[in-house]
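These are my notebook entries on a structure I have opened for the first time. I shall begin with a single residue, then look at the sheet around it, and end with the other chain and its pocket.

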Amino acid sequence: MLELVDLSHTYGSYRAIDRVNLKVAQGEVVCIVGPSGCGKSTLLRSIAGLIKPTGGTVLLDGKPVDGSPENLAVVFQDYSRSLYPWMSAVANVGLPLRRRGLDKKRRDAAAMAALEQVGLAGAAAKFPWEMSGGMQQRVSIARALAYQPKLLLMDEPFGSVDAQTREELEDLTLRVCAHHGMTILLITHDVDESVYVGDRVVVLSKAPGTVVGDLPVQLPGPRDQIHTRELDAFVRLRAEVGRLVRGMTPHRNTHGFGVETR
Amino acid sequence: MRRATSGVLRFWIVPVTLVVWELLTRATESPYFPPPSRIATQFYDMWLSGPASQLLLTDSALDTFGPSLGRLIAGWLIAGVLGIALGVALGRIRGLSEYTDPVLQFLRALPPPLLVPIFFVLFKIGTPTQLAVIVFGVIWPVLVNTTDGVRAVDKGFLETARVFQFSRYDILRRVILPSAMPKIFAGLRLSLSLALILMVVSELVGSNSGIGYSLLYAQQTYDYAGVWAHIVLLGVLGLLFNALFLVAEGRVLSWHANARRNV
């Protein structure tokens, strides 16, 4: 459903991403991982239409993207700059639905349902500044859910919360998004997280970022923070991704994981 | 403990000042500086000895305050609406402020009282001229603050609006304006106190009603206690408007105060 063809972007003379090619199928959860400064955010911002890439194309359902595409939602890392502090949680979640032509009653109902799914039914009337960081990020996720996008982009969505909340939010994403059958592109610098959450892990090199690894994740579901992370398969895959992220040559593994590298 | 002491001090400062003032003016016996007790009596006789049905206000008080406060509030509201509208345009339409800035800075530098003769020619003598003086004088803080406020909207807020494809109206009404509201309110508050000053000034020249006219009349009839009563009245009005404004601001901007406290 999403296809990047030779996507490149340069800021002045700085080349952030260089000919990134990627195909994402409907319903896939793809994690993009890479060292800091590898142009992960540039990649995401190009797809979201927030910057115009200097080279290459983004195709969504086969059609080239110009500006912000319909049916796309983003969960940003910095929830404090993405949730509007002058609105309650339910108003924040319901606001994008105005574009969908729903009346107030149906918007509120949809927003409440989404808040319920992220476990915040009781906090609908709260304002962002009355909530913890983890709660605010849940509201952001609820906003994306209520919008029912075909493609959900997540830009380091759990980068600003503590470790425990991070695990909760990872599980929430897996559970809720699997339920909706959404296609997700999650960007992270955390190797563990990419393997834990993804159906597929795509590794970007240091700037100029380009795809250096594309590994399918075959872990038994449902995933679980403790058991999944102690599986041999998880540990080995994590090591593979870790090597790729650090720019080392990958081991030709003998454990049945298809590591494709370019 | 310390808070309690400062509260007591704050309340005591008023009677202490009044007593010192009373003693000094009685000792000097200058006709230009009547003691506060006489000012208070004059104040009461002129404006506060009316029937209960008029909230104790006398007919003279209603006739004097009515036109003045009407013009003040009308002028302030017109300036507020115009200032916000122009400020949004200047802040959000790229290039517009570069073209208009020299003109605006020139107009802003003109002292509004000096424009009274021009407004006389342009508008009718009386309320239209006075309104024009007030609007022209108080629009600037709202205009400048609104321009600043709508320019300083966090990029993250706007990117969210773009990703979720808010309509232009929603971006303005639900993102840009609320985000700029704290600055707009700061401008409106400054404008309100300026409006009080310009209201009086505009009534001092070429008017036959209002507080400014009444003040001039007291001065020309050598009623110095009356002059002082007007001065006290203006101070009280300023205090009252500010208090009312702060209550309104507290309601509209509660998110802002709280969001900042929790950071």
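**Entry 1: one residue.** Does Ser8(A) count as buried or exposed, and at what relative accessibility? Before answering I note that I am working with a predicted model, and that I looked up the place of Ser8(A), which is in strand S1, residues 2-11 of chain A. Ser8(A) has a relative accessibility of 6%, and because buried means under 20%, Ser8(A) counts as buried. I then listed its contacts, leaving aside the neighbours within four places in sequence, and found Arg15(A), Ile17(A), Asp18(A) and Arg19(A), together with Pro53(A), Thr54(A) and Gly55(A).

**Entry 2: the sheet of chain A.** Next I asked in what order the strands of the sheet are arranged. Four strands of chain A form an open sheet, and the order is S2-S1-S4-S5 with antiparallel pairing. Strand S2 (14-24) and strand S5 (63-64) of chain A stand at the edges, and since each has a single partner strand, one side of each is left without a neighbour in the sheet. I also looked up the helix that packs on this sheet: helix H1 of chain A, residues 40-47, touches S1, S2 and S4 of chain A, and its direction makes about 120° with that of S1(A). Turning to one pair of strands, I noted that strand S4 (residues 55-60) of chain A runs antiparallel to S5(A) and is joined to S5(A) by two bridges. Within this pair, Leu59(A) stands opposite Pro64(A), which belongs to S5(A).

**Entry 3: chain B as a whole.** I moved on to chain B, where I counted eleven helices and zero strands. The C-alpha atoms of chain B fill a box of roughly 70 × 60 × 40 Å, taken along the principal axes. Chain B has 263 residues, and buried residues make up 40% of them. Of the contacts in chain B with a separation of 6 or more, 67% are between residues 24 or more positions apart.

**Entry 4: the largest pocket.** Which residues lie nearest the centre of the largest pocket? They are Arg92(B), Ile93(B), Arg168(B), Ile171(B) and Ile176(B), out of 20 residues that line the pocket. I wrote down a volume of about 610 Å³ for this pocket. Its lining has nine nonpolar, three polar and eight charged residues. Several helices of chain B each supply at least two lining residues, among them helix H3 (59-92), helix H6 (127-151) and helix H8 (168-204).

Methods: Residues are numbered from 1 along each chain as its sequence is written. Chains are lettered from A and ligands numbered from 1 in the order in which they are written. This is a predicted model: local features need pLDDT of at least 70, side-chain atom pairs count only at pLDDT 80 or more; totals for chains, interfaces and linings use all residues. Side-chain values use heavy atoms; hydrogens and water are left out. On a 1 Å grid over the protein atoms alone, a cavity is a set of points where a 1.4 Å probe fits but cannot get out, and a pocket is an open set with protein on both sides within 12 Å along at least five of seven lines; lining residues have an atom within 4 Å of a point. Grid points are joined across faces, edges and corners, and a volume is the space filled by probe spheres set on the points. Ala, Val, Leu, Ile, Met, Phe, Trp, Tyr, Cys and Pro count as nonpolar, Asp, Glu, Lys and Arg as charged, and the others, Gly among them, as polar. Buried means under 20% relative accessible area, exposed over 50%, partly exposed in between (1.4 Å probe, protein chains only). Contact means heavy atoms within 4.5 Å. Two strands pair if DSSP finds at least two bridges between them. Axes are lines fitted to C-alpha atoms, for helices over the stretch in contact, and angles run from 0 to 180 degrees between N-to-C directions.
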